[in-house]
Structure formats: structure tokens, C-alpha cells
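Please look at the charged side chains of the chain shown below, and at how they pair.

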Amino acid sequence: MKRLRKLVTFSLDDRKFALYVSAVQRIVRVVEVTALPKAPEIVSGIINLQGQVIPVFDIRMRFHLPAREVQLDDQLIIASTTKRTVALLVDSVNDVIEIPEEKIIAAEQILPELEYVEGVVKTEGGIVLIHDIEKFLSLPEQKTLDEALEALNRDKRKDG
């Protein structure tokens, strides 16, 4: 029996990406992002989602796509890593697709230097890069983000 993998597909410019459904908590409309001092460059800021402070990743930067202003119809994919909940700022979320596992090509078989991509799949709509949310931040970036969030919490406790 073929094992199917469910993917949430999303777009950045004209490129298609995906995350495994198991990592996605929900999708929300873009909201105001508050700057987070001393955060890694890849973190555009934080949002408060139902009392939870969540870092927002600018994944355009990670994939070397041109920066652009946030649009009202942009979306945030709220996803879970083993370390924290994060928000990925994307142009649009397309849909959920099911792909037979054997159709997914490991990224290292195509381009070994694609460190943030877990796999590639060809669909009717073109090539989709499956994003590896666990490897998105380097260890130094994770440490810097942890420190920035800790500083924010210290400041809140001081003020509160």
C-alpha cells in the first residue's frame, strides 16, 4: 500500500513551497508584526496570537527572494518545530495536497546545498520545494532568537 504524505502548499512570488501538514497548526491572515530587538536577521519580529508570543520568519530572505512590503492578503502559517511555535510569512497558502511518499525526491539527490529544503515533488502545477522547518534556523540563529525572546520576557516582568 502506498503511503501518502499530506502537504500544505504556499507561494512566494511565483515559486511554490510546502510544509508537511503535521507541522502546521493553522493559517491566519497577516497581522501587525512587532520588531524584536537583537533577533536574527531572518526574524522580522513577533506577533501575539491568543496570548502566545510567536516569532515571525521572513522566509523570502532564506530562499534569496527579493524583499517586498507586506501585503494585506499575505498569510502567516503557524507551525510547530520541536523547539518552538513559529510563524512563516507567505504570499498565499494554496491548498493541501496528498503525494505518494515515493514521488518525493530527497533534496540532497538534486542539490546537496539546499539545506532548508527536505524534498522536491513535481505536481501538475510545477515543482514544489518541501520546506524543512526544523533546519530553518542555524544553531547561532536559534541561540540569538532565544536570547532576544528572553530579553523581551525580562523587560515585560520589569514593566509588569
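The structure holds 12 salt bridges, each defined as a side-chain nitrogen of Lys or Arg within 4 Å of a carboxyl oxygen of Asp or Glu. This is a predicted model, in which local features need pLDDT of at least 70 and side-chain atom pairs count only at pLDDT 80 or more, while totals for chains, interfaces and linings use all residues. Residues are numbered from 1 along each chain as its sequence is written, and side-chain values use heavy atoms, with hydrogens and water left out.

| Pair | Distance |
|---|---|
| Glu-101 and Arg-3 | 3.1 Å |
| Asp-13 and Arg-60 | 2.7 Å |
| Arg-84 and Asp-146 | 2.0 Å |

Asp-13 lies in the loop between strand 1 and strand 2 and Arg-60 in helix 1, 47 residues apart, where helices (H or I, at least four residues) and strands (E, at least two) are DSSP runs numbered from the N terminus. Asp-13 is partly exposed at 36% relative accessible area, whereas Arg-60 is buried at 6%; buried means under 20%, exposed over 50%, and partly exposed in between, for a 1.4 Å probe and protein chains only. Both residues belong to a network of salt bridges that also links Arg-68, Asp-74 and Asp-91.

The largest nonpolar core has 30 residues, and Phe-10, Leu-19, Phe-57, Ile-59 and Leu-88 have the most contacts inside it; such a core is a set of buried Ala, Val, Leu, Ile, Met, Phe, Trp, Tyr and Cys residues joined through side-chain atoms within 4.5 Å.
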